[in-house]
Amino acid sequence: MYGRGVGGLLSWLWLCGLVVQPASGAEPISFARDIRPILEARCLKCHGASMQAGRLDLRSRASALKGGERGPVIKPGDPGQSALFRRVAGLEKPAMPIDGPLARPQVELIRRWIEAGAPWEGEIQSSMPQPPANQIKVPELPSAARSFWAFRTPVRPQIPTVSDPRWSAHPIDAFLKKEWDARGLIPAPAADRVTLVRRAYLDLLGLPPAPEQIDQFLRDPSPEAWPKLIDKLLASPHYGERWGRHWLDVARYADSSGYEHDYDRPNAWRYRDYVIRSFNRDTPFDRFLLEQIAGDELEDESTETLIATGFLRNYAKVGFREKDNPQFRFDYLDDMIATLGRGVMGLTLHCARCHDHKFDPIFQYDYYRLQASLFSYVEVDHPLVPRAEAEAYSAKLEEIARRIQPLQARIREIESPYREALLQEKYKKFPPHIQEAINTPEHRRTPGQVLLANQIIRTTSVSSAEFDRVLKPAELAEKKRLQEAIRALEQQKPPPIPSAMGITDGDYRFAPDGPGDEPAPGKGVKQEAIEGSFLHRGPGRYQPPPAYFLHHGDMQSRGPEMRPGFPLVLTRGNPAVELPPAHGRTSGRRLALAKWLVSPDHPLTTRVIVNRIWHHHFGRGIVGTLDNFGHTGDRPTHPELLDWLALEFQQSGWSMKRLHKLIMTSAAYQMSSAFAPESNLAKDAANLYLWRFRPQRLEAEVIRDSILAVSGALNPALEGPPIFPKLAGDVLKSMRNGIWQTQPEGPQTWRRSIYVYRKRGLPFPFFEVFDLPDQSLTCSRRNVSTVATQALTLLNNEFVVEQSRRFAERVRRLSADPSEQLVLAYRLAVGRVPDATERALGLRFLESNSLEDFTHVLFNLSEFVYLR
């Protein structure tokens with residue numbers, strides 16, 4: 001629309017108020033007086049001596065006319081066709097300069113200068129201090145940066161002195177009582193024991209207690225009954241299923257790759273099972289982090305630690321072949337940094353990818369040092385068999401691949417003369433604006449056309465059958481002979497060995513076309529490919545590839561090489577940035593990163609994990625923003641308690657089970673949720689200071705698991721490949737790519753919800769309606785909504801209706817008397833007996849409705865889906 005002629009452009013600019021009409025007889029434009037100062041002040045820091053973003057150099061007329069990656073930026077005499085003017089005028093995106101627009105008179109000077117032919121005297125030697133191209137200035141940390149509460153190393157505070165005996169016996173209670181007294185808040189009374197036992201089971205196991213389990217607890221009136229119950233629950237294998245699910249949200253775990261192709265990740269489940277086992281055996285949290293970040297670099301490397309590296313590999317992945325767009329690799333690195341930042345350190349470190357963090361003292365320099373610690377990663381499927389067996393398996397596959405490669409190269413040679421014509425026919429099916437984007441020379445495409453063209457070209461391919469229809473008979477016969485030879489070789493492949501999705505260090509570069517047919521995206525390709533993995537197998541120690549500072553986060557604007565390191569504001573002393581393991585196959589950079597994260601003087605790691613565990617017990621963290629302890633996050637309501645818990649956790653061996661018991665044995669955890677005095681509501685309506693227990697809506701998985709447990713259908717089998725519960729036909733039809741295996745409804749699919757296949761492109765509908773988070777991003781805290789579709793799901797969902805029927809059958813087997821059935825159903829569903837009103841209403845309901853209807857009603861009680 002713009003730039004079709006100078007007159008048209010001027011009219012448009014005039015209407016927008018961008019044209020400043022020169023006064024009659026105005027001086028001619030002078031490059032030295034008018035243009036050079038603008039370029040020096042606003043343009044040369046990105047397109048000058050120290051760097052040339054987009055390979056554009058604006059220091060001379062020749063280099064400016066030559067242009068950069070997208071071609072010339074100045075067309076003398078025609079500002080409407082000059083990208084330089086269009087960018088500074090905001091007519092094309094991204095608008096320039098990147099750090100803010102020019103003043104309107106400056107934009108008009110550039111327009112008049114180009115219109116006058118872009119005269120230029122000499123070259124510009126910038127007067128601004130520029131670091132050499134291979135160096136970067138270490139930023140200076142503001143003197144007050146470390147004075148912010150989150151960046152100070154925790155100091156163990158004194159436990160407050162409390163006179164009230166109810167609140168003086170436990171350190172947590174003493175800290176809370178101090179704040180209640182200061183604010184005039186009245187703490188709630190203790191919850192009844194039936195409420196407590198249900199609370200403990202749902203909290204630690206994610207399952208409701210059976211009536212006999214409740215009775216067992218109630219029969220023991222001793223003060224030790226509650227601690228003994230906690231110990232019993234923490235020893236259950238179902239504890240790992242419940243609390244491992246919380247960590248899998250942080251780890252953005254899924255069984256598919258996401259994005260438009262959503263390929264299957266057939267070995268991802270091994271990481272999920274590793275997490276469950278780690279929680280069950282109470283792996284110290286510092287060791288848990290070491291294994292996940294650098295499990296392949298530990299001196300005691302094992303099958304478990306190799307599986308653990310799936311943590312960093314869990315990122316969502318675009319497309320089949322990463323080499324099609326090298327930018328994706330930097331996106332995956334950014335995802336790793338975001339996950340470590342938000343999930344482990346409670347900071348939005350990824351915000352410093354393109355510029356210094358806007359609110360926290362985190363620099364681009366910090367970001368790219370951290371990226372250098374991770375940069376040498378490559379994707380790998382770790383074999384879970386002895387090394388000799390794995391090497392023999394790999395050697396056989398490589399030998400078959402070598403024999404297949406020339407056969408497939410010949411097939412591509414046969415098809416090559418027809419490929420472009422067939423693609424052009426396919427492109428004709430797209431709307432005209434897409435065809436125009438594809439047919440426009442790459443250097444002339446607008447940013448919008450670049451996105452359109454790349455998307456269509458990347459996802460459009462010619463299938464083997466389409467080639468067959470146009471090949472000459474002799475070519476087709478030769479192709480079929482080659483394909484038969486390929487099939488014969490592929491049949492010689494040995495059976496797959498067990499393996500785990502993970503990472504290690506390697507020499508990252510983009511692989512040449514592999515030996516196999518290039519698959520049509522989403523057609524016949526179900527499983528994610530691993531590319532760019534060149535493992536270090538040669539003599540000598542591994543040397544990591546160089547990582548660079550990227551100006552504005554642009555991979556084409558490479559700055560100096562970066563050494564690994566950590567954010568300045570969080571670093572104390574001079575921690576090691578490389579700890580090369582004895583085996584010599586990796587750099588030890590990830591190991592150094594992991595050890596820095598769990599070092600005693602790190603200000604955030606322990607604070608973040610104890611705050612996260614506190615949140616899951618109480619429904620809100622001491623810091624409400626679990627993944628943002630920075631300046632834009634919430635301040636802690638009880639800063640001294642947070643530091644006391646962090647140091648207690650660290651000094652007690654980083655044991656999560658010990659922390660659970662510490663929290664749950666406090667009187668605060670045992671308070672009632674049914675308490676709301678007006679004075680408290682006036683002073684702290686949001687219950688920030690925890691004067692009562694906070695009711696919490698159960699997560700989607702716990703609701704499904706509770707339904708199965710109460711109906712008696714729950715299959716308690718642990719670990720293993722994912723399950724595929726039944727999906728409605730219309731939902732299955734909406735699935736374009738990836739997999740969803742059809743499994744009959746029954747014990748095989750009635751396992752715990754943590755084992756349900758996590759498909760990024762098709763979230764399980766029952767989970768989604770109850771606020772399943774985005775499975776492509778690290779999630780610290782799930783959203784909790786109350787919407788009509790939740791009630792409709794519990795009323796109409798086929799699974800819920802079926803389990804209501806089984807629930808009724810279970811009750812009938814226990815009693816034929818309606819009054820007893822009523823009590824049994826209540827005890828199974830919500831752990832208590834009905835009161836007189838509920839009993840009367842229930843019996844009246846059963847007079848005109850079935851027991852199946854009544855059990856279905858119980859699944860729809862608010863009390864059933866809430867922890868109180």
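Predicted model: local features only at pLDDT ≥ 70, side-chain atom pairs only at ≥ 80, totals over all residues.
How do the residues lining the largest cavity divide into nonpolar, polar and charged? The views below take this up, starting with the whole model.

View 1. Residues are numbered from 1 along each chain as its sequence is written, and side-chain values use heavy atoms, with hydrogens and water left out. Searching the whole structure turns up five cavities of 30 Å³ or more (a cavity is a set of points, on a 1 Å grid over the protein atoms alone, where a 1.4 Å probe fits but cannot get out; lining residues have an atom within 4 Å of a point).

**View 2. The largest cavity.** Here we have about 100 Å³ of space (a volume is the space filled by probe spheres set on the points, with grid points joined across faces, edges and corners). Its lining takes 13 residues, with Glu241, Arg242, Arg245, Glu701 and Val702 nearest the centre. Two or more lining residues come from each of α11 (237-250) and α28 (700-711) (helices are DSSP runs of H or I, at least four residues, numbered from the N terminus). As for the opening question, nine are charged, two polar and two nonpolar (Asp, Glu, Lys and Arg count as charged; Ala, Val, Leu, Ile, Met, Phe, Trp, Tyr, Cys and Pro as nonpolar; the others, Gly among them, as polar).

**View 3. The second largest cavity.** This one has a volume of about 80 Å³. Its lining includes Trp243, Trp247, Phe279, Phe285 and Arg612. α11, α24 (605-618) and α26 (656-664) each give two or more residues to this lining, which splits into eight nonpolar, three polar and one charged.

Key. 1 Å grid on protein atoms, 1.4 Å probe; cavity = no way out; pocket = protein on both sides within 12 Å on 5 of 7 lines; lining within 4 Å.
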